[in-house]
Amino acid sequence: ERVPIWCHRQAGRYLPEYHSVRNIADFFTICRTPHLACEITLQPIRRFPLDAAIIFSDILVIPQAMGLEVKMVKGKGPVLPQPLKDPEHMKRLKKLKDIDVKKDLGYVMQAITLTRHRLEGKVPIIGFSGAPWTLMAYMVQGEGAKSYYKAKTWLYKYPHKAHELMEMTAVVIIDYLVAQVEAGAQMLEVFDSWAGDLTQEAFAEFSLPYLKKIATKVKAKLRERKMEVVPMTIFARGADWALEELANSDYDVLSLNWTVNPIDARKQVGSKSLQGNLEPAVLFADGPRIRSEAAKMVKSFGTHGYIANLGHGMLPSMKPEALEVFVDEVHKCSESMAKGKKRKEAST
């Protein structure tokens, strides 16, 4: 009857209530404290009529579980004080047999379970993970960067070791995502945030195979354990040229960044659902402009096989009222479109 909507980073710094929690604990302490992570996850659900919650956590909990230190530095973002400067540094990583995601990342699963109970069926809870290439980019670069040239150097100078690192990371991710479903996650998203930094050839060799493997293996493990095979979304940001390849995978939903034309995307993905893709900067505009852009987006995607979202995520300087307008317009526009379609069908 209407298009569902949620937003990347919908729980976070743009909300005043987030800071009431952030003032009593640092970022990773919040992530590791289930009741605090749950509280922040629920904040946007209380404030807006969103159609899904996404657990408050971070993609870099995977490198932490693998043995690397990650700090959140004010004004800089995530920093790994001792990155993997060359393949010799891989010796500092834990052996796969010593990584137990249920133990090492148990706080995420506890937060998911707690949030699922607190939601009381109002909306589903989404779990997530970073993708192998994006996590490798941080593990080698040591921090966020405009160009992950240190990590990309590995792909050409140490290709076998790059594959070894991403294969290891993929195994951890698979176990982590399955554990999230066991804890109560009803949908999963994999973020390959730096996919667009790769050439098409490098993406095809070093990212795509692992993305496909993750979706296939997660669903296979869920079937083996006789658990619900939840929908999975892939967000390979900036890899617009890979939509057809990604559609030929076990992901159910492809999330699009704001540069992708929805009509062109539909032609490439077949029956797969799409998610996205409002330009986040639109939320800095006034209410009428937000509504017009949101309505245009919904009309471009259509009301079936579509989840409304931003083309990236909420920014700290955005106003909560802007998201409220965005959510309201997506619901109103899609409801109107659905009713119009029903009237047309009834008259024929």
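The structure is a predicted model, in which local features need pLDDT of at least 70 and side-chain atom pairs count only at pLDDT 80 or more, while totals for chains, interfaces and linings use all residues. Residues are numbered from 1 along each chain as its sequence is written, and side-chain values use heavy atoms, with hydrogens and water left out.

Taken along the principal axes, the C-alpha atoms fill a box of roughly 70 × 45 × 45 Å. The fold comprises 15 helices and nine strands; helices (H or I, at least four residues) and strands (E, at least two) are DSSP runs numbered from the N terminus. Of the 348 residues, 55% count as buried, where buried means under 20% relative accessible area, exposed over 50%, and partly exposed in between (1.4 Å probe, protein chains only). Among contacts with a separation of 6 or more, 73% come from residues 24 or more positions apart, a contact being heavy atoms within 4.5 Å.

The surface and the charges complete this overview. The protein carries 49 positive and 40 negative charges, whose mean positions are 2 Å apart. Lys and Arg count as positive and Asp and Glu as negative, with His and the chain ends not counted; each charge is placed at NZ of Lys, CZ of Arg, CG of Asp or CD of Glu.

Eleven aromatic pairs are present, a pair being rings of Phe, Tyr or Trp (its six-membered ring) with centres within 6.5 Å; planes under 30 degrees apart count as stacked, over 60 as edge-to-face and the rest as tilted. In one of these pairs, the ring centres of Tyr18 and Phe56 are 6.0 Å apart and the planes meet at 55 degrees, so the pair is tilted. Because Tyr18 lies in helix α1 (residues 16-22) and Phe56 in the loop between β1 (53-54) and α4 (61-65), the pair ties together parts that are 38 residues apart in sequence. Both Tyr18 and Phe56 are buried. Ring pairs also join Tyr18 and Phe56 with Phe27 and Phe28 in a cluster.

A further pair is formed by Phe191 and Phe235, with ring centres 6.3 Å apart and planes at 70 degrees, so this pair is edge-to-face. Distant parts of the chain are linked here, with Phe191 in strand β5 (residues 187-192) and Phe235 in strand β6 (residues 232-236), 44 residues apart. Phe191 has a relative accessible area of 11% and is therefore buried; Phe235, at 2%, counts as buried too.

Thr169, in helix α9 (residues 159-183), has 0% relative accessibility and so counts as buried. Leaving aside residues up to four places away in sequence, Thr169 touches Ile62, Met66, Pro132, Leu135 and Met139. The C-alpha atom of Thr169 is separated by 8.2 Å from that of Met136, 33 residues away along the chain. Ala322, in helix α15 (residues 320-347), is likewise buried, at 9% relative accessibility. With residues up to four places away again left out, Ala322 touches Leu283 and Ile290. Between Ala322 and Lys85, the separation is 237 residues in sequence and 42 Å in space, C-alpha to C-alpha.

Some backbone details deserve a look as well. The peptide bond from Gly276 to Asn277 is cis, with omega near -15 degrees, and Asn277 sits in strand β8 (residues 273-278). Arg9, in the segment before α1, has a positive phi of about 60 degrees although it is not a glycine. Its relative accessible area of 47% makes Arg9 partly exposed. Glu120, also not a glycine, has a positive phi of about 50 degrees. Glu120 belongs to the loop between α6 (106-119) and β4 (125-130) and is exposed, with a relative accessible area of 71%.
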